[in-house]
Amino acid sequence: MAPRTGHAVGWRVLRKAAVALAGVALIAAGVAMLVLPGPGVVAILAGLGLLGTEFPAARRVSERLNGYVRAAWRKIRSRPAAGGDA
């Protein structure tokens, strides 16, 4: 494998910075949407997923939170419908 040139390293750093900026922006928007109208939890998970493409720690957090959300969703879906028959 050929050694990396300065040009390739520069693009790698630029890509990592762009992913970090976009991921943090998505998470911040998601946190705001927890109190404002919008899909806050979805935006937070999307931001963590985006950060997880470049940062292993974010990938681990994203996988753990996705597991919690999926378990909660299954629990909600398994409840009987409220209100009964009309």
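A search of the whole structure, which is a predicted model, turns up 2 salt bridges. Side chains of opposite charge can pair when their charged atoms come close. Which residues are linked here? Arg 12, Arg 15 and Glu 54 are joined in a network of salt bridges.

Take the pair of Glu 54 and Arg 12 to begin with: their side chains meet in a salt bridge at 2.9 Å, N to O. Glu 54 sits in the loop between H2 and H3 while Arg 12 belongs to helix H1 (residues 6–33), so this pair ties together parts that are 42 residues apart in sequence. Now look at Glu 54 and Arg 15, whose side chains also form a salt bridge, at 2.0 Å, N to O. This pair, too, links distant parts of the chain, with Arg 15 in helix H1 and Glu 54 in the loop between H2 and H3, 39 residues apart.

Is Glu 54 buried or exposed? The cut-off for buried is under 20% relative accessible area, and Glu 54 counts as buried because its relative accessibility is 7%. Its two partners are placed otherwise: Arg 12 counts as partly exposed at 34% relative accessibility, and Arg 15 is partly exposed with a relative accessible area of 46%. If you zoom in on the surroundings of Glu 54, leaving aside neighbours within four places in sequence, you will find Arg 12, Arg 15, Lys 16 and Val 19 in contact with Glu 54. The loop that holds Glu 54 runs between helix H2 (40–52) and helix H3 (56–78).

Let's step back to the chain. Its secondary structure consists of 3 helices and 0 strands, and from the N terminus on the order of elements is α-α-α. Of its 86 residues, 16% count as buried. Among contacts in the chain with a separation of 6 or more, 38% come from residues 24 or more positions apart.

Next, turn to how H2 and H3 pack. Two packed helices are described by the angle between their axes and the distance between the axes. For H2 and H3, the axes come within 7 Å and cross at roughly 145°, and H2 passes H3 in a left-handed crossing. Which residues meet here? On the H2 side they are Val 41, Leu 45, Leu 48, Gly 49, Leu 51 and Gly 52, and on the H3 side Ala 58, Arg 59, Val 61, Ser 62, Leu 65, Asn 66 and Val 69.

Val 69 is placed in helix H3 and, at 35% relative accessibility, counts as partly exposed. Together with Val 31, Leu 34, Val 35, Leu 36 and Val 41, Val 69 forms a nonpolar patch on the surface, and these residues have about 550 Å² of accessible area together. Val 41 and Val 69 are also among the residues that meet between H2 and H3.

Key: Residues numbered from 1 in each chain as written. Predicted model: local features only at pLDDT ≥ 70, side-chain atom pairs only at ≥ 80, totals over all residues. Heavy atoms only, no water. Helix = DSSP H or I, 4+ residues; strand = E, 2+ residues; numbered from the N terminus. Buried < 20%, exposed > 50% of the residue type's maximum accessible area, 1.4 Å probe, protein only. Contact = heavy atoms within 4.5 Å. Patch = residues over 30% accessible without salt bridge, like charges linked within 9 Å, V, L, I, M, F, W, Y side chains within 5 Å. Areas by Shrake-Rupley, 256 points an atom, 1.4 Å probe, with all protein chains shown as cover. Salt bridge = Lys/Arg side-chain N within 4 Å of Asp/Glu carboxyl O. Axes fitted to C-alpha atoms, helices over the stretch in contact; angles between N-to-C directions. Left-handed = near helix turned anticlockwise from the far one by under 90°.
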